[in-house]
Amino acid sequence: MIKIAIQSKGRLNEDTTRLLADAGITLGAGHRQLISRARGFDMEALYLRDDDIPQAVSMGVADAGIVGLNEVEERGEPLRTVMRLGFGACRLSLAVPKDAGYDGLLWFDRRRVATSYPRILSRFFDSHGIRAEIHEIAGSVEVAPAVGMADAIFDIVSSGGTLLQNGLTEVHTVMQSEAVLVAPAALQPDKERDLDKLCFRFRSIIDSRGLKYVVMNIPATRVAEAADMLPAMKSPTVLPLADPAWSSLGVVIPQDELWDRIEQLKQLGAQDILVLALENIVR
Ligand code: PRT
Ligand code: ZN
């Protein structure tokens with residue numbers, strides 16, 4: 001049995017629950033419980049605040065955790081990042097008031113910077129020889145310059161809308177973050193096996209995201225051209241139709257190439273093109 005710490009509520013909770021569900025793992029009742037026994041995998045979920053997940057894992061209260069890389073870096077616990085999970089993407093950036101006359105990183109020297117990530121920020125400033133005053137605040141970091149508590153901020157940015165609303169400009173990105181699966185450096189062999197199994201399931205889900213399976217009818221004489229042009233896991237699947245002039249072609253295509261590829265295929269004479277969602281790729 002493996003115990004996984006996940007965020008009890010907040011931005012990562014929904015995507016975490018969905019990833020587990022796609023992996024065939026459902027969690028019992030509400031988030032009010034601290035621990036919930038899973039169905040579909042020999043696992044317990046431990047619901048925590050994201051700030052507490054790195055420590056819970058390094059102390060062995062949980063065997064692994066799903067948390068933002070930003071929290072892992074900030075807490076500085078000796079953890080292994082087992083896998084990036086492809087959701088919760090954001091960045092940690094320095095931002096200054098629009099009219100601050102920012103002219104490069106040395107602008108921060110001897111300035112006051114408000115943040116909830118003092119450890120990451122001080123490491124960054126140290127490595128650039130900048131001696132700034134770091135003010136740790138727990139929330140609403142973006143209002144600190146307007147109320148005179150700081151000259152600049154260091155905070156999570158995703159769309160950038162919050163900075164814009166507060167008259168701030170992003171001037172330097174210090175780190176990119178996303179949700180990660182973390183574990184201690186070493187686990188007991190049975191737990192490590194469970195973790196491997198879990199990773200295998202997650203990997204097949206993450207690898208299939210953004211991919212479509214496309215099936216079409218195509219004149220048999222154009223199959224070779226189509227196969228040369230298309231991306232494929234090994235090579236496209238080609239099946240004869242009852243009418244020998246036609247074949248059926250099946251191929252996996254990344255979502256962002258889909259429409260360009262479909263246009264190319266239509267030029268080769270492809271018809272009846274079906275685009276299907278891909279749930280899992282098990283390699
Ligand atoms: O209660 P608990 O302590 O568990 O949760 P929390 O309130 O500390 O964290 P939560 O749920 O807000 O975020 C959890 C994790 O989501 C973070 O640690 C990041 O890894 C990730 N994440 C992804 C984000 C964002 N995107 C994000 N945009 N966390 C916070 N934000 C904030 C950001 O600080 C800004 O103020 O959302 C605001 C809007 O961002 P814009 O740029 O889209 O306007
Ligand atoms: Zn938190």
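**Note on the pocket and the open sheet**

1. The lining of the largest pocket splits into 14 nonpolar, 15 polar and 13 charged residues. Nonpolar here covers Ala, Val, Leu, Ile, Met, Phe, Trp, Tyr, Cys and Pro; charged covers Asp, Glu, Lys and Arg; the others, Gly among them, are polar.

2. This is a predicted model: local features need pLDDT of at least 70, side-chain atom pairs pLDDT 80 or more, while totals for chains, interfaces and linings use all residues. Residues are numbered from 1 along each chain as written, chains are lettered from A and ligands numbered from 1 in written order, and side-chain values use heavy atoms, without hydrogens and water.

3. The largest pocket has a volume of about 1,100 Å³, the space filled by probe spheres set on grid points joined across faces, edges and corners. A pocket is an open set on a 1 Å grid over the protein atoms alone, where a 1.4 Å probe fits, with protein on both sides within 12 Å along at least five of seven lines; lining residues have an atom within 4 Å of a point. Of its 42 lining residues, R11, D50, Y117, D155 and I156 are closest to the centre. Helix α3 gives the most, 5 residues.

4. Five strands form an open, mixed sheet, ordered β9-β8-β10-β7-β11. Strands are DSSP E runs of at least two residues, helices H or I runs of at least four, numbered from the N terminus. Pairing needs at least two DSSP bridges. β9 (133-136) and β11 (168-177) are the edges; each has a single partner strand, so one side of each lacks a neighbour in the sheet.

5. β8 (112-115) and β10 (152-157) run parallel, joined by 3 bridges. T115 has F154 as its bridge partner in β10.
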